[in-house]
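User: I would like to go through this model in questions and answers, with the cut-offs stated as we proceed.

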Amino acid sequence: MRQGKGKDRIENMALAIHDLGKSYGGVPVFRHVELLLEEGGVYCLRAPSGAGKTTLLRILMGLERPDEGWVEGLKGRRVS
């Protein structure tokens with residue numbers, strides 16, 4: 001990701017994930033996820049089986065709620 005500065009960098013963000021965490025039955029799937037995705041970028045989500053890829057995508061689509069943290073930039077956007 002290109003590293004901009006200040007206001008320009010924030011305005012180019014399509015999605016910002018802050019300190020996201022999710023657990024099932026007290027077992028953490030992931031903790032403290034931080035991610036900034038720029039508008040117009042192409043990204044790949046890759047990790048070993050069981051690392052929480054599907055859970056993260058379900059949170060982004062609004063099908064799951066995170067236990068901690070928050071997501072910015074999805075309001076009014078279609079996610080598929």
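User: Is Leu 57 buried, partly exposed or exposed?

Analyst: This is a predicted model, in which local features need pLDDT of at least 70 and side-chain atom pairs count only at pLDDT 80 or more, while totals for chains, interfaces and linings use all residues. Residues are numbered from 1 along each chain as its sequence is written, and side-chain values use heavy atoms, with hydrogens and water left out. Leu 57 lies in helix 2, where helices (H or I, at least four residues) and strands (E, at least two) are DSSP runs numbered from the N terminus. Buried means under 20% relative accessible area, exposed over 50% and partly exposed in between, with a 1.4 Å probe and protein chains only, so at a relative accessible area of 41% Leu 57 is partly exposed.

User: How far apart in space are Leu 57 and Leu 45, C-alpha to C-alpha?

Analyst: Along the sequence, Leu 57 and Leu 45 are 12 residues apart. From C-alpha to C-alpha, their separation in space is 9.4 Å.

User: In what order do the elements of the protein run from the N terminus on?

Analyst: The secondary structure of the protein comes to 2 helices and 3 strands. Read from the N terminus on, the order of these elements is α-β-β-α-β.

User: Which residues are the closest to the centre of the second largest pocket?

Analyst: A pocket is defined on a 1 Å grid over the protein atoms alone, as an open set of points where a 1.4 Å probe fits, with protein on both sides within 12 Å along at least five of seven lines, and lining residues have an atom within 4 Å of a point. The second largest pocket holds about 270 Å³ of space, a volume being the space filled by probe spheres set on the points, which are joined across faces, edges and corners. Strand 2 (27–38) and helix 2 (53–60) are the elements that give two or more residues to its lining. Of the 14 lining residues, the closest to the centre are Leu 35, Leu 37, Cys 44, Leu 45 and Leu 56.

User: With which side chain does that of His 18 make a polar contact of 2.6 Å?

Analyst: His 18 sits in strand 1 (residues 13–24) and is buried, with a relative accessible area of 18%. Leaving aside neighbours within four places in sequence, His 18 is in contact (heavy atoms within 4.5 Å) with residues including Val 33, Glu 34 and Trp 70. A polar contact is a pair of N or O atoms within 3.5 Å, where within protein one must be able to donate a hydrogen and the other to accept it, and residues adjacent in sequence count only if both atoms are side-chain atoms. The side chain that is joined to His 18 by such a contact, at 2.6 Å, is that of Glu 72.

User: What is the positive phi of His 32?

Analyst: Most residues other than glycine have a negative phi. Asp 19, found in strand 1, has a positive phi of about 50° although it is not a glycine, and Asp 19 is partly exposed at 31% relative accessible area. His 32 has its place in strand 2 and is partly exposed as well, at 46% relative accessibility. For His 32, again not a glycine, the positive phi is about 55°.

User: What distance separates the C-alpha atoms of Arg 65 and Lys 22?

Analyst: Arg 65 belongs to the loop between helix 2 and strand 3 (68–72) and counts as exposed, at 72% relative accessibility. Not counting residues up to four places away in sequence, Arg 65 touches Lys 22 and Ile 59. Although Arg 65 and Lys 22 are 43 residues apart along the chain, their C-alpha atoms are separated by 8.1 Å.
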